[in-house]
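Let's take a friendly walk through a few local features of this chain. Have the structure open as you read.

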Amino acid sequence: MPIEQIQFELGNQTIAALSNNNQGKPLLILVHGWLDNAASFSALLPELEAYHAIAIDLPGHGLSSHRSPDAHYHLLDYVNDLHNLVEQNGWDKIALVGHSLGGIISSIYSASFPEKVSSFVCIESAGPLTEDESTTISQIRGSIESRIAANAKPIKQPNDFASIVQARRRVSDLCEMNAETILRRNVRELDNGDLEWTTDKRLRTQSSIRLTSLQAENIVKSILCPIHVVLGESGFEKVKKLMKERQGLFQNLQLTSLKGGHHVHMESVNELASIVKNHCQLKISD
C-alpha cells in the first residue's frame, strides 16, 4: 500500500502528514513523540489497510510549520491543534494511536472530547507526566531562562547526516535504521548540499509548567473510550512506574508489553499492527 505525503492548512499553520490514502475506511489518526515525526509510523501505516490512517507531524516537528516567533510549544496547545484538525475536517468518532508525547496529547484529548474518540492505542505512555506543586516556581523560572538562552543562540545546523544519526542514537534506544527514518524528515537538504533542521529549536526549551498528580489522575479517569496501552519490554522505566500507579484509574484498559524499547512501534511492527486492528476495528464497528 503506497504512502503519500499530505498536508492540512489550519489557520496560519500547516500540518504535514503521511497517509495510506485508504479513503472510505474508518479514520485512524497517529500522533508521534517529542522530536520525532510522522515517519516513526512509516512501517506501521502499510499494515493498517483496514483504516484510513493518517500520521501527522506536530507543529514544529518534521515538515509541519513552526509556531509564530511570539509563541511556544505548550502541551495543551498540541491538544488544541489536534482538536482544530478534527473539527476543520468534520471528523467524528476517530480512533487514535499515540506514542510517548503523542500518547499524552491523545490521552488529554480523549478525556476532554470523549464524543470524538471511539478507541485509543497508547504506546509507551501512561498519561501526563507530573511534578509536585512545590516545584511550580522553579519550573516557571527554568522555562523562561531556557527560552532566553535558546533565543540568544544561533541554530547549529547539521554538518552531515551520519553525525546526527549517531548523536540521536547516543541519547535514545533507536537502532541506526530507525534513527535514520525519523531524522530524514527532521532535516532538509539545501541547493548547495548543506543540511538544515526542519524542527524548531524551541522544542528543546523547558516546559512552562507540568500538571500535578491529581490533575493527571482526573484526566486518566475521564478517558471513556476503550484504551489499549502498549509498553516496550525494555522501554522507559518511568512509564512502567506510572502505569503501575495509574492502572486502576483507567475505566476500560487493556495492557500489553511487546519486545522492544521506547520506540516499540518501530520494532514490533506486526504485533503492534495486530493490536491496533483488533482494538480499534472492534470499537469502530460497535
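## Contacts across the chain

T212 lies in the loop between β8 (195-197) and α6 (213-221); helices (H or I, at least four residues) and strands (E, at least two) are DSSP runs, numbered from the N terminus. Leaving aside residues up to four places away in sequence, T212 touches T130, E131 and E133, where contact means heavy atoms within 4.5 Å.

Please keep in mind that this is a predicted model, in which local features need pLDDT of at least 70, side-chain atom pairs count only at pLDDT 80 or more, and totals for chains, interfaces and linings use all residues. Residues are numbered from 1 along each chain as its sequence is written, and side-chain values use heavy atoms, with hydrogens and water left out.

| Pair | Value |
|---|---|
| T212 and T136 | 9.6 Å, C-alpha to C-alpha |
| R185 and D57 | 2.9 Å, closest N and O atoms |
| R67 and Y78 | 5.4 Å, charged end to ring centre |

R185 and D57 form a salt bridge, meaning a side-chain nitrogen of Lys or Arg within 4 Å of a carboxyl oxygen of Asp or Glu. The pair links distant parts of the chain, 128 residues apart: R185 is in the loop between α5 and β7 (187-189), and D57 in the loop between β4 (52-56) and α1 (75-88). The whole structure holds eleven salt bridges.

The charged end of R67 sits over the ring of Y78 (NZ of Lys or CZ of Arg within 6 Å of the ring centre and within 35 degrees of the ring normal).
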